[in-house]
Amino acid sequence: MLKFQTVRGSLRLLAIRRTSTATAASPNVRRLEYKPIKKVMVANRGEIAIRVFRACTELGIRTVAVYSEQDTGQMHRQKADEAYLIGRGLAPVQAYLHIPDIIKVAKENNVDAVHPGYGFLSERADFAQACQDAGVRFIGPSPEVVRKMGDKVEARAIAIAAGVPVVPGTDAPITSLHEAHEFSNTYGFPIIFKAAYGGGGRGMRVVHSYEELEENYTRAYSEALAAFGNGALFVEKFIEKPRHIEVQILGDQYGNILHLYERDCSIQRRHQKVVEIAPAAHLDPQLRTRLTSDSVKLAKQVGYENAGTVEFLVDRHGKHYFIEVNSRLQVEHTVTEEITDVDLVHAQIHVAEGRSLPDLGLRQENIRINGCAIQCRVTTEDPARSFQPDTGRIEVFRSGEGMGIRLDNASAFQGAVISPHYDSLLVKVIAHGKDHPTAATKMSRALAEFRVRGVKTNIPFLQNVLNNQQFLAGTVDTQFIDENPELFQLRPAQNRAQKLLHYLGHVMVNGPTTPIPVKASPSPTDPIVPVVPIGATFDVAMRFLYECPWRRLQELRELVPNIPFQMLLRGANAVGYTNYPDNVVFKFCEVAKENGMDIFRVFDSLNYLPNLLLGMEAAGSAGGVVEAAISYTGDVSDPSRTKYSLQYYMGLAEELVRAGTHILCIKDMAGLLKPTACTMLVSSLRDRFPDLPLHIHTHDTSGAGVAAMLACAHAGADVVDVAADSMSGMTSQPSMGALVACTRGTPLDTGVPLERVFDYSEYWEGARGLYAAFDCTATMKSGNSDVYENEIPGGQYTNLHFQAHSMGLGSKFKEVKKAYVEANQMLGDLIKVTPSSKIVGDLAQFMVQNGLTRAEAEAQAEELSFPRSVVEFLQGYIGIPHGGFPEPLRSKVLKDLPRVEGRPGASLPPLDLQALEKELTERHGEEVTPEDVLSAAMYPDVFAHFKDFTATFGPLDSLNTRLFLQGPKIAEEFEVELERGKTLHIKALAISDLNRAGQRQVFFELNGQLRSILVKDTQAMKEMHFHPKALKDVKGQIGAPMPGKVIDIKVAAGAKVTKGQPLCVLSAMKMETVVTSPVEGTVRKVHVTKDMTLEGDDLILEIE
């Protein structure tokens, strides 16, 4: 043996040297270069597509799938990095044969190379040529070689020229039944028809007599036509009871060819391989040498590149006959990989990149056989019914695994729908052992572990094959199945659990099968749309939309690279409702500018100059355009309104211009600017600052917005804010179309075509309909000039409406507006812009909820639990209002609480952003960005909830508005695109009855898979829970002053409390209220827990 190996090695070395010499001497050798492949598309489906994707992933190559309309639920499109529909409107198979669509997808998505898989277009020379013409590499042989090998007759001629023995057959495809007759007369029966342009058993028929000739010819022709697009056939003498042995070959672009030994594919049914084995058992070594040598010889004869298979028949005397070359990867390539440890798909890709086999470490002398491998093709066919294909949904799937077992599958999962459109292959099971019996034992064990319910499979038949003594002895041939009828003595599966589940499901749907007196059936439950104001402010994006505001900015900046973006910066409040350390405000502006923000409109809700200057400095140091905004209230045209006079605004403007603002803005959030006031204010500013851009912002609550903005324009304003017609009016901005039309043909003509305005408005009219639940017209039917009295800002006017309705004060909104006036005066007549407007609104609702007048609230100020926002305002947390704080109210409310003097941020220590980043990383266990750190710094609780929520749900930004707000209806089908090439196909199926835990099971179909989730029914759980109410006549019982959610509990049972001490914090919408103790005593019992939702007067705790 040692001597034989040495001689063989010497011969191989000599052959390599000769090849090298010949290559060097040839003047026509191609000079090829290595071109790496970065993106591969597989023009196929199912398990072979996934097999290639996995190899590409291992090589760091991006993958692209194509799929037909019938394959939206198939796993192969989900396994790829990108997936695209092909063959829209075509028959299922034709979709994968539609070359123009496939090439189009490849070119549009920058595909470097196409892998054809097996079947479909894998052996179509025109497809290989189309790829080449499109500048896309074909991972396989050259188009010419594919053409030659695909033409069975030409392949036969090439084999003869190479000195490879062939089975007697026709020299060209036959075109008539008459030619088949003539061949039969010459060579006798049996004969076999074979498809000239494809394999896999399709178009293949054995004929034993003249009587069978016509029928089999017709069937073979139609099968070949359907499978390969060409019905051409050729005829061969049929070798009876042969072994079907095939040799795996691999070639590169430099003339190197090697073999990876043979596979025995003799176990077939209707010429379809069922079980494959490598190497062939008990194969004579000399025959193995002849088979492999002839395979390499034939490949060299044709200049073969990439992977391929040379197939032979071996008769009972050991003579071999060439039958065909499959110029593609074979279904059974897996067993060769297992015994040679060569990844054929890796090799295919590398060869297509221009690498040589020696470069890959693939030399013939290095290829060794290691043990034995067996592959079983598990199909959805019923062997008890002549292998009739079965279709339907896989209700249960459990695979066999373990040492020595490999599974290649695509549709093998619970909920998968097996359609009649494609091959019935479910999963390929590959077992590898030290020898044939060991591999067979592993395979038998793995098949026994499988549990497939919902469709029939051939597993019981395969188990019989694995236990057959002839199989175990390795003496099978192509007649093995036909000659062993005991293989069809199938043991039925018990299937007990699934039968029980079927019964339970039937009862759940149809009621008991035994008649009962009362019948009950579940009724559908529609999702409840949350009644909250939806917008796109920084915190709302996280709080209600569950989207990252930074990501929104980044995406918009990418989509709109050449238009300046503007943001509102609440001075020292940044984008929050309170003050922050200075370093946080500066860092926020810096990161906002880095993410694409251009103009910073800086304002302060109290026009508190130190806060404004801090914001301007932060925006300017970040490199942004600074637009300082003066918040407007009062009426400069009314001499009796002296607090906010023209002189006040002009003095503030002087300070802002002196500080270096680039643009000056008047921010009229309540729409209080009357045309006369506009003329006075804007003309004064224009006269004082002739070169400074002036920007006016207002709301149209009163209905006078267009007139006011026209007055501003005539007085010298450069920019006024408007809204698309369909989004304008009432609490929004004035109409864009009205302003454009009114200035048309005048010196103030905007130059904007009205037709474009109309188109723009029409779009937003449709978009507005999606938010009907949040539209102010749900509760407001017109604007209201009483805004000149209550001075409620436009945005807050709408929010206040929703807040009032959510708190049960919808019928008392008129009282809320009146209370707003009183609350404003009670707090000293404030500039009302977020967050100061929110403070006034919180106080107004608190007064209405508790039936308090201004006089009563001021008188009882020492005992009342005012909203937290009011308390913090009086402490000085947002700055000092013009004219100072109201006294004695401030002293009564605050008592001994700390007070902030001067700019709040000046006394705040810098926030350790690095420590915060570390804390966030530890909590959320993922990479934290600088944007995340700032979100947490601005809104720690909101950000924490956002991260927790999106860790469980999402990505919600992929949903359209209706689905996000209402969810789908039962039986509704829809798609959700996660990213390009990643689309989810979803269908809502059913909602179960309530279970004992207050949950409902919701069923969906996701990409063809059945999914169910348990969801708590919060309304039902609330109805099941009866929370005690506080008795008003019992002084120690503390009730909720308004509906809300418990966000913090500050005491526990047994704790001693003093009068005015905080007990807990409630939150409703974005309004927080600190509930304080009205008495001194000891906490007897706490009746609430954190995150509990309370109604008004729900008992919070008892004090003795």
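Which residues does Arg 570 touch, not counting residues up to four places away in sequence? In this predicted model, the partners of Arg 570 are Val 575, Gly 576, Tyr 577, Phe 603, Thr 834, Pro 835 and Tyr 939. Arg 570 lies in a loop, between β23 (566–569) and α20 (582–594). Its relative accessibility is 12%. Arg 570 therefore counts as buried, the limit being under 20%.

An unreviewed UniProt entry places the feature "binding site" at Arg 570 and Thr 834. The two positions are spread over 265 residues of sequence, yet they cluster in space, with a largest C-alpha distance of 8.3 Å.

The unreviewed UniProt entry also lists Lys 152, Glu 236 and His 271 under "binding site". Lys 152 belongs to helix α8 (residues 152–161). With 2% relative accessibility, Lys 152 counts as buried. Neighbours within four places in sequence aside, Lys 152 is in contact with Ala 195, Ala 196, Tyr 197, Gly 198, Phe 234 and Glu 324.

Glu 236 is found in strand β8 (residues 233–237). Glu 236 is buried as well, at a relative accessible area of 3%. Residues up to four places away in sequence are again set aside. On that basis, Glu 236 touches Val 167, Pro 168, Gly 169, Phe 183, Ile 191, Ile 192, Lys 194 and Ile 323.

Attention now turns to the nonpolar residues. In soluble globular proteins, nonpolar side chains tend to be buried together. The largest nonpolar core in the model comprises 83 residues. Phe 588, Tyr 632 and Leu 685 have the most contacts inside that core. Beyond its neighbours within four places in sequence, Tyr 632 is in contact with Tyr 649, Ile 666, Lys 667, Asp 668, Leu 672, Leu 673, Ala 677 and Leu 681. Another core, of 61 residues, lies apart from the largest one. Its members include Ala 43, Ala 128, Ile 139 and Tyr 261.

Nonpolar residues also occur on the surface. Met 727, Tyr 760, Tyr 763 and Trp 764 form a nonpolar patch there. Together they present about 410 Å² of accessible area. Tyr 763, one of the four, is in helix α26 (residues 754–770). Its relative accessibility is 54%. Tyr 763 therefore counts as exposed, for which the cut-off is over 50%.

Notes. Residues are numbered from 1 along each chain as its sequence is written. This is a predicted model: local features need pLDDT of at least 70, side-chain atom pairs count only at pLDDT 80 or more; totals for chains, interfaces and linings use all residues. Side-chain values use heavy atoms; hydrogens and water are left out. UniProt positions are given in the numbering used here, feature names are shortened, and annotations may be inferred rather than shown by experiment. Helices (H or I, at least four residues) and strands (E, at least two) are DSSP runs, numbered from the N terminus. Buried means under 20% relative accessible area, exposed over 50%, partly exposed in between (1.4 Å probe, protein chains only). Contact means heavy atoms within 4.5 Å. A nonpolar core is a set of buried Ala, Val, Leu, Ile, Met, Phe, Trp, Tyr and Cys residues joined through side-chain atoms within 4.5 Å. Patches are made of residues with over 30% relative accessible area and no salt bridge: like charges are joined within 9 Å, nonpolar side chains (Val, Leu, Ile, Met, Phe, Trp, Tyr) within 5 Å. Accessible areas come from the Shrake-Rupley method with a 1.4 Å probe; for residues, only the protein chains shown count as cover. A salt bridge is a side-chain nitrogen of Lys or Arg within 4 Å of a carboxyl oxygen of Asp or Glu.
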